Amino acid sequence: MAPKYRLIYFNLRARAEPTRLLFAAAGLQYEDVRIRRDTEWPALKPNTPMGQVPVLEVDGVTICQSNAIARYVAKETGLAGKTNLEQAQVDMLVDGMGDLRGKQAAIRKASEDKKDQCKEELAAFAPNFLRRYEELSGPHAGHLVGDSLTWADLEFYDVMAKVLMYLPGILDNLPKLAKVMDTVPANKGVADWLAKRPETPH
Amino acid sequence: MAPKYKFTYFNMRARGEPTRLIFTAAGVEFEDVRIDFEKWKDLKESAPMGQLPMLEVDGVKICQSMSIARFAAKETGLAGKTNLEQAQADMFVDEISELLPKLAGAVFASDEAVKAEKAKEVDKMIPEKLGRLEKLSGANGHLVGDSLLWCDLVVFNVAFNVENYKPGTLKNYPKLTKVMDTVKANKRIADWIAKRPETKF
C-alpha cells in the first residue's frame with residue numbers, strides 16, 4: 001500500500017531536507033519523489049498550488065511552502081513541541097533560522113566576484129545570532145526546546161552543518177548548541193538517513 | 001488580575017496587528033503594550049531575538065510575529081481544526097508574509113527615487129501574491145474551511161494596507177474580497193477597527 005505522504009522536490013536537500021529529516025527521525029514512511037528540473041518541472045509547475053516545490057500530497061490535499069510542510073509533518077510525527085507554548089518556541093527558533101539559512105545560501109548563489117563579500121556577511125552575522133540562540137536554548141542538554149527531539153533541533157542541525165563548512169569553529173564556545181549537533185545524528189532514524197541519502201550539491 | 005497574555009509592539013499595525021486581531025476576534029483579553037523607539041532601545045536586549053513584536057505568557061517570551069500569531073490562534077481555536085487544515089492556513093500566511101515588508105518599504109521611503117524603485121517591486125508582487133491566494137482560496141468568505149481562521153485575519157491585515165496603498169486593488173480578486181468582507185462583518189473586529197489607534201501602516 002502506498003505511503004500516506006508524498007513529498008515532491010528536486011534532487012536536492014535545500015528546502016525539503018528538514019521535512020525528510022522529520023520523517024526519518026520518526027521512522028515514518030513517505031514517498032520521497034525527486035523530479036528533474038529540466039524535463040519534469042515545467043509540466044508539474046502549473047499543477048502545484050503556488051508554482052513552487054516542495055509540495056506534500058496527503059489525503060487528496062496538496063500543501064506547499066516548505067515551513068508549512070515541515071510544521072505539518074512535525075505535528076504528524078509528534079516532533080512539533082508538546083504544548084502550544086513549546087510549539088511556539090519551536091516555531092520562533094525555526095523562523096529565526098531562516099535568516100541564517102539565507103546568509104549561508106547567499107554565498108552559494110553569489111557570482112564568483114561577490115562570494116567573499118557574502119562569506120564576510122555570514123561571518124559578521126553568525127556570532128551574535130548564535131549567541132542569542134545559546135541563551136534561548138532550553139535547559140535540557142542537546143535540545144533547543146523541551147526535553148526531547150523537535151523540529152527545531154533538526155532544522156538547526158541542517159543549517160548549521162552548512163554554516164560550519166564556512167565557519168568551522170563557530171560553536172566552540174556555545175556548548176548547548178554544540179550538543180544539539182551531537183544529539184540529532186545520534187537519533188537512529190536520522191543516522192540511517194544521513195548514511196543513505198543521495199549525495200547532492202546542496 | 002492582569003491578562004494572561006502581554007503583547008508588546010510599536011504603535012503600528014504592520015507585523016503586530018494579526019495577533020491583536022486574533023485575540024480580539026476570539027474575545028480573549030490581552031495587554032496591548034505599544035512602545036516608542038526610545039523605550040525600545042532600553043528593552044531591546046531583553047527581547048529574545050532583539051526584535052518586536054514579543055508576547056509574554058506564563059513567564060515565557062515568544063518572538064517572531066507569525067509564531068506569536070500562530071500561538072495566539074491555537075490558544076483561541078482559530079488555527080484550524082486538523083493538522084492538515086492548520087497546514088493549509090500556514091500556507092496562506094507564509095505566502096502573503098513577504099508582501100508586508102515590501103509594502104512598508106514603498107510606503108515609508110522618503111527619497112523619491114528609492115520610493116519609485118520600491119513601488120515598482122511592490123506593484124509586481126501584489127498581483128503575484130494575491131493571484132496565488134485567489135486561486136487557492138475558498139469561495140465562502142474563508143481562505144480555508146468554513147469558519148474564521150487566523151489566516152483570514154493575516155491576509156485581511158495585509159490587504160488593508162494594499163487598499164490604502166492602491167485603492168481598488170482588491171476588486172480584481174472576488175474570493176479575497178469576500179474574505180475581507182467576512183472579516184469586516186465580524187462584530188468584534190469591526191469594533192476594534194473603529195477604536196484602534198490610527199497609524200500610517
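Let's start with A:Glu31, which at 32% relative accessibility counts as partly exposed; that label covers the range between buried (under 20% relative accessible area) and exposed (over 50%), using a 1.4 Å probe and protein chains only. This is a predicted model, where local features need pLDDT of at least 70, side-chain atom pairs count only at pLDDT 80 or more, and totals for chains, interfaces and linings use all residues. As for bookkeeping, residues are numbered from 1 along each chain as its sequence is written, chains are lettered from A and ligands numbered from 1 in the order in which they are written, and side-chain values use heavy atoms, with hydrogens and water left out.

On confidence, the predictor gives the complex an ipTM of 0.95 and a pTM of 0.96. Chain B averages a pLDDT of 96, and 100% of its residues score at least 70; pLDDT is the predictor's confidence in each residue, from 0 to 100.

**Charged pairs**

Side chains of opposite charge can pair when their charged atoms come close. Searching the whole structure turns up 33 salt bridges over all chains, each a side-chain nitrogen of Lys or Arg within 4 Å of a carboxyl oxygen of Asp or Glu. Here are some of them:

| Pair | N to O distance |
|---|---|
| A:Arg6 and A:Glu31 | 3.4 Å |
| A:Lys4 and A:Glu76 | 3.7 Å |
| B:Asp191 and B:Lys187 | 2.8 Å |

A:Glu31 has its salt-bridge partner in A:Arg6. A:Arg6 lies in strand 1 of chain A and A:Glu31 in strand 2 (residues 31–35), so the pair ties together parts that are 25 residues apart in sequence. Helices (H or I, at least four residues) and strands (E, at least two) are DSSP runs, numbered from the N terminus. A:Arg6 is partly exposed too, at 31%.

The A:Lys4 and A:Glu76 salt bridge links distant parts of the chain: A:Lys4 is in the segment before strand 1 (5–10) of chain A, A:Glu76 is in helix 3 (residues 66–76), and they are 72 residues apart. A:Lys4 has a relative accessible area of 45%, and A:Glu76 has 27%.

Over in chain B, B:Asp191 and B:Lys187 sit 4 residues apart in helix 9 (residues 187–195), which means about one helical turn separates them. B:Lys187 is exposed at 60%, whereas B:Asp191 is partly exposed at 40%.

Salt bridges also link up A:Glu17, A:Arg20, A:Asp32, A:Arg34 and A:Arg197 in a network.

**The nonpolar side**

In soluble globular proteins, nonpolar side chains tend to be buried together. The largest nonpolar core here has 140 residues, and A:Leu56, A:Leu130 and A:Phe156 have the most contacts inside it. Such a core is a set of buried Ala, Val, Leu, Ile, Met, Phe, Trp, Tyr and Cys residues joined through side-chain atoms within 4.5 Å. Leaving aside neighbours within four places in sequence, A:Leu130 is in contact (heavy atoms within 4.5 Å) with residues including A:Phe156, A:Met160 and A:Leu177.

A:Leu177 is also one of the buried residues of helix 7 of chain A, along with A:Val180, A:Met181, A:Thr183 and A:Val184. Their cover includes helix 5 (115–136), helix 6 (151–166) and helix 8 (188–196) of chain A.

**A lysine in chain B**

B:Lys61 lies in strand 4 (residues 60–63) of chain B and is partly exposed at 32%. Its side chain reaches the backbone oxygen of B:Ser46 at 3.2 Å. Setting aside neighbours within four places in sequence, its contacts include A:Met92, in the other chain's lettering, and B:Pro48.

Key:
A polar contact is a pair of N or O atoms within 3.5 Å; within protein, one must be able to donate a hydrogen and the other to accept it, and residues adjacent in sequence count only if both atoms are side-chain atoms.
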